[in-house]
Amino acid sequence: MKYRKMPIVVEAVQWTGKNLEEIKNFVGDSLEYWYNETAWEVQKGPVTIGIKINTLEGGHYAAIGDYIIKGIHGEFYPCKPDIFAKTYEAVDAS
């Protein structure tokens with residue numbers, strides 16, 4: 001048999017590496033984050049932020065560019081941008 005995913009609307013925010021406050025407000029207690037200062041300390045790069053989303057299946061790291069999705073039961077999980085683009089399309093907010 002073949003199956004089609006039921007049409008549902010989800011909320012999502014894309015992690016840019018610079019929108020930590022937006023991600024914190026969206027995900028709440030499901031978020032863990034830390035500052036990577038090693039490259040900055042040796043003057044070889046900027047301070048970066050790492051994030052991990054606590055999902056129903058455990059912690060999952062999100063890379064810059066990943067989308068953080070709020071599922072139908074209020075759970076959060078990261079999704080790679082190519083998978084997100086193949087699975088979701090924007091809807092009218094009204």
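This briefing covers the sheet, the helix packed on it and the nonpolar core. The model is predicted. Three strands form an open sheet, and helix H1 packs on that sheet. The largest nonpolar core has 13 residues.

**The sheet**
- The strand order is S2-S3-S4, and the pairing is antiparallel.
- Strand S2 spans residues 31–36, and strand S4 spans 58–62.
- S2 and S4 are the edge strands, so named as each pairs on one side only.
- From one strand to the next, the twist averages 25°.

**Where S3 meets S4**
- S3 and S4 run antiparallel and are joined by five bridges.
- Thr 55 has a bridge partner in S4, namely Gly 58.

**The helix on the sheet**
- H1 touches two strands of the sheet, S2 and S3.
- The direction of H1 makes about 160° with that of S2.

**The nonpolar core**
- Five of the core's residues touch the most other members: Ile 23, Val 27, Leu 31, Ile 51 and Ile 68.
- Two elements give two or more residues to this core: helix H1 (20–27) and strand S3 (48–55).
- H1 gives the most, with four residues.

**A look at Ile 23**
- Ile 23 is one of the core residues that touch the most other members.
- Leaving aside residues up to four places away in sequence, Ile 23 touches Val 13, Gln 14, Trp 15, Gly 28, Leu 31, Ile 51 and Ile 68.
- Among these contacts of Ile 23 are Leu 31, Ile 51 and Ile 68, which are also listed with the core residues that touch the most other members.

Technical notes. Residues numbered from 1 in each chain as written. Predicted model: local features only at pLDDT ≥ 70, side-chain atom pairs only at ≥ 80, totals over all residues. Heavy atoms only, no water. Core = buried A, V, L, I, M, F, W, Y, C linked by side-chain atoms within 4.5 Å. Buried < 20%, exposed > 50% of the residue type's maximum accessible area, 1.4 Å probe, protein only. Contact = heavy atoms within 4.5 Å. Pairing = 2+ DSSP bridges. Axes fitted to C-alpha atoms, helices over the stretch in contact; angles between N-to-C directions.
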